[in-house]
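Student: I have a chain to look through before class. Could we go over its packing and its rings with questions and answers?

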Amino acid sequence: MNNLNDKTTNNQPNNFINMDILISNLRTEDSRNLRMMKNFKWIYFGMIIFYTLLMVVNPDPELEFYQRISGLCYVLSFVIFWLIFRKYHKEFREIDYSVPLSEMLSKAAERYKLAYKNFLMIIPPLALMDVGLTLSFINRMDNPDIISRILIIQAIYIPVMSISAFIGYLIWRNRQKPLRDGALKLLKDLNS
């Protein structure tokens, strides 16, 4: 990503170059996120259909009740993720760079804010996925104690989700936080 504090060699004020670079970087990141949200939306839509047919409505008599409940948890989790990605796809599709600069910068700063409400939004589908995963694997383990089996599954699931969240944070910090900080700085300069 281009540095937002690049110097200019043609004697133009640094703020104008920074604004051009910032807007260019915002467009690039918004475009990347639009494509990503669209792709994830369709991936989850496909997974909803696949798991519904495979685990929920499959007439196979060998498919046990707990497996159907597990599949239903997966499908509900995928539906919630699909709704989340659809919401963000719509938001990124409706970004308008023709609005006044201060409005565009404030919307960009809000868009790339690391908000706890976004984390709270993904807890239900992650919990449903956890239940589905636990139901899928609990009967495949040899340990006679059911609590031990659940704890073993959680000892794998929770670190994997925690590592995924940390990677997401690193991506935000490296790609999107500089955009947010740049937008807030330019917005402050415009308002002063």
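Tutor: What follows is a set of questions and answers on this predicted model.

Student: What does Leu26 touch?

Tutor: Residues up to four places away in sequence are not counted here. With those set aside, Leu26 touches Tyr97, Met104, Ala108, Tyr112 and Leu179.

Student: Where on helix H3 do its buried residues fall?

Tutor: Helix H3 covers residues 101–111, and its buried residues are Met104, Leu105, Ala108 and Ala109. Seen down the axis of H3, they fall within an arc of 135°, so they line one face of the helix.

Student: Is Ser136 buried or exposed, and which side chain does its own side chain join in a polar contact?

Tutor: Ser136 is in helix H4 (residues 116–137). Its relative accessible area is 12%, and the cut-off for buried is under 20%, so Ser136 is buried. Ser136 touches Ser70 and Tyr74, leaving out residues up to four places away in sequence. The polar contact, at 3.4 Å, is with the side chain of Tyr74.

Student: How do the rings of Trp42 and Phe45 pair?

Tutor: Trp42 and Phe45 both lie in helix H1, three residues apart, which is about one turn of the helix. Their ring centres are 5.7 Å apart, with 85° between the planes. Planes over 60 degrees apart count as edge-to-face, so this pair is edge-to-face.

Student: Why is the pair of Tyr44 and Phe85 called stacked, and how many residues apart in sequence are the parts it ties together?

Tutor: The centres of the two rings are 5.5 Å apart and the planes are at 25°, so the pair is stacked. Tyr44 is buried at 14% relative accessible area, and Phe85 is buried at 15%. Tyr44 lies in helix H1 and Phe85 in helix H2, so the parts tied together are apart in sequence by 41 residues.

Student: Over which ring does the charged end of Arg27 sit, and over which ring that of Lys87?

Tutor: The charged end of Arg27 is 4.1 Å from the centre of the ring it sits over, that of Tyr97. For Lys87, the distance is 4.3 Å, and the ring is that of Tyr88.

Definitions and conventions
Residues numbered from 1 in each chain as written. Predicted model: local features only at pLDDT ≥ 70, side-chain atom pairs only at ≥ 80, totals over all residues. Heavy atoms only, no water. Buried < 20%, exposed > 50% of the residue type's maximum accessible area, 1.4 Å probe, protein only. Helix = DSSP H or I, 4+ residues; strand = E, 2+ residues; numbered from the N terminus. Arc of directions from axis to C-beta. Polar contact = N/O pair within 3.5 Å; in protein donor to acceptor, adjacent residues only side chain to side chain. Contact = heavy atoms within 4.5 Å. Phe/Tyr/Trp six-rings, centres within 6.5 Å; stacked < 30°, edge-to-face > 60°. Lys NZ or Arg CZ within 6 Å of the ring centre and 35° of its normal.
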